[in-house]
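This briefing sets out selected features of the structure shown below, grouped by topic. It begins with helix packing and then turns to individual residues.

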Amino acid sequence: MATMGCTVWLTGLSGAGKSTLAIALVDELHGAGHRAELLDGDELRAHMSAGLGFSHADRDVNVLRAGHVARLLSRNGVVAVVAMISPYAATRDRVRQWHRADRTPFVEVHVSTPLGVCRARDPKGLYAKQANGLVTMLSGVDDPYESPRRPALAVDTSREPLATSLARLRAVVDASRTGRRPG
Ligand SMILES: Nc1ncnc2c1ncn2[C@@H]1O[C@H](COP(=O)(O)OP(=O)(O)O)[C@@H](O)[C@H]1O
Ligand SMILES: [Mg+2]
């Protein structure tokens, strides 16, 4: 049985389905007796990163804090599941390097649900607010979003049911923890 920790890093636009997938993965891992912890961007902004805004610099601080905690957890046998827009590739790559230094797997997952679908879902009303000039700096709209170039997995939640995404994700996670590639 896999005992090695790892970090599962879910990046994608607001509304792509990162939190939904992350919660489902953590629940499933707990059910199977694994240690797993969720680091969700919205939740972190309420405490560990309270006061940060959405400038490039503040987003980087937020992502690097989460990445540091994920590193500490994952190198101690926990599956750290991070759900954050984390729009900058170079910042995600810094976190990846920290994990590499520890020889801990870093599984980058692009929750690649297209912008049009995210905009139609708009669970927080952010896309509508941006269109009406009430918010700005929305990733992928009037702020950058840099897709991963070589993610371990891409998940478009508009093209398959959650159970299918979860099963594919679980296979990649299990493989990373045992050093095997999923079949
Ligand atoms: N696989 C899916 N199929 C259909 N709708 C989904 C799926 N995953 C998430 N959603 C819906 O999309 C919206 C955004 O999901 P959420 O997980 O909060 O996204 P994010 O954390 O990436 O902003 C929510 O309304 C959620 O119910
Ligand atoms: Mg979320």
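Helix 1 and helix 7 cross in a right-handed sense. The model is predicted. A second pair, helix 3 and helix 4, also has a right-handed crossing. The points below describe both pairs and then the surroundings of selected residues.

**Helix 1 and helix 7**

- Helix 1 spans residues 18–31 and helix 7 spans residues 162–178; their axes lie 10 Å apart, and the packing angle is about 60°.
- Helix 1 is therefore oblique to helix 7, since an angle has to be under 35 degrees to count as roughly parallel and from 65 to 115 to count as roughly perpendicular.
- On the side of helix 1, the contact is formed by Thr20, Leu21, Ala24, Leu25, Glu28 and Leu29. Their counterparts in helix 7 are Leu162, Ser165, Leu166, Leu169, Arg170 and Val173.
- By residue class, this contact comprises 8 nonpolar, 2 polar and 2 charged residues.
- Valine 173 belongs to helix 7 and is buried, because its relative accessibility of 0% falls under the 20% limit.
- Apart from neighbours within four places in sequence, valine 173 contacts Cys6, Val8, Leu25 and Val79.
- Valine 173 and glycine 5 are 168 residues apart along the chain, and their C-alpha atoms are separated by 9.7 Å.
- Isoleucine 23 is situated in helix 1 and is partly exposed, with a relative accessibility of 41%.

**Helix 3 and helix 4**

- Helix 3 (residues 56–74) and helix 4 (residues 89–102) have axes that come within 9 Å of each other and cross at roughly 20°.
- The two helices, helix 3 and helix 4, are therefore roughly parallel, because angles under 35 degrees are classed in this way.
- Helix 3 contributes Asp60, Val63, Leu64, Gly67, His68, Ala70, Arg71 and Ser74 to the contact. Helix 4 contributes Thr91, Arg94, Val95, Trp98, His99, Ala101 and Asp102.
- The residues of this contact between helix 3 and helix 4 are 6 nonpolar, 5 polar and 4 charged.

**The loop between helix 4 and strand 4**

- Arginine 103 is located in the loop between helix 4 and strand 4. Although arginine 103 is not a glycine, its phi is positive, at about 60°.
- Arginine 103 is exposed, with a relative accessible area of 73%.
- Threonine 104 is also placed in the loop between helix 4 and strand 4, but is buried, with a relative accessible area of 9%.
- Not counting residues up to four places away in sequence, threonine 104 touches Gly5, Cys6, Ser74, Arg75 and His99. Of these, Ser74 and His99 also take part in the contact of helix 3 with helix 4.

**The loops on either side of helix 5**

- Threonine 113 occupies the loop between strand 4 (106–111) and helix 5 (115–121).
- Threonine 113 is buried, because its relative accessible area of 2% is under 20%.
- A polar atom of the threonine 113 side chain lies 2.8 Å from the backbone oxygen of alanine 16.
- Beyond residues up to four places away in sequence, threonine 113 touches Leu13, Ala16, Cys118, Arg121, Val155, Asp156, Thr157 and Ser158.
- Aspartate 122 lies in the loop between helix 5 and helix 6 and has a positive phi of about 35°, although it is not a glycine.
- Aspartate 122 is buried, with a relative accessible area of 15%.

**The loop between helix 6 and strand 5**

- Proline 151 is found in the loop that runs between helix 6 (126–131) and strand 5 (153–155).
- Proline 151 is partly exposed, with a relative accessible area of 28%.
- Setting aside neighbours within four places in sequence, proline 151 is in contact with Glu108 and His110.
- Proline 151 and valine 107 are 44 residues apart in sequence, while their C-alpha atoms are 7.7 Å apart in space.

Conventions
Residues are numbered from 1 along each chain as its sequence is written. Chains are lettered from A and ligands numbered from 1 in the order in which they are written. This is a predicted model: local features need pLDDT of at least 70, side-chain atom pairs count only at pLDDT 80 or more; totals for chains, interfaces and linings use all residues. Side-chain values use heavy atoms; hydrogens and water are left out. Axes are lines fitted to C-alpha atoms, for helices over the stretch in contact, and angles run from 0 to 180 degrees between N-to-C directions. Helices (H or I, at least four residues) and strands (E, at least two) are DSSP runs, numbered from the N terminus. Angles under 35 degrees count as roughly parallel, over 145 as roughly antiparallel, 65 to 115 as roughly perpendicular and the rest as oblique. A crossing is left-handed if the near helix is turned anticlockwise from the far one by less than a right angle, and right-handed if clockwise. Contact means heavy atoms within 4.5 Å. Ala, Val, Leu, Ile, Met, Phe, Trp, Tyr, Cys and Pro count as nonpolar, Asp, Glu, Lys and Arg as charged, and the others, Gly among them, as polar. Buried means under 20% relative accessible area, exposed over 50%, partly exposed in between (1.4 Å probe, protein chains only). A polar contact is a pair of N or O atoms within 3.5 Å; within protein, one must be able to donate a hydrogen and the other to accept it, and residues adjacent in sequence count only if both atoms are side-chain atoms.
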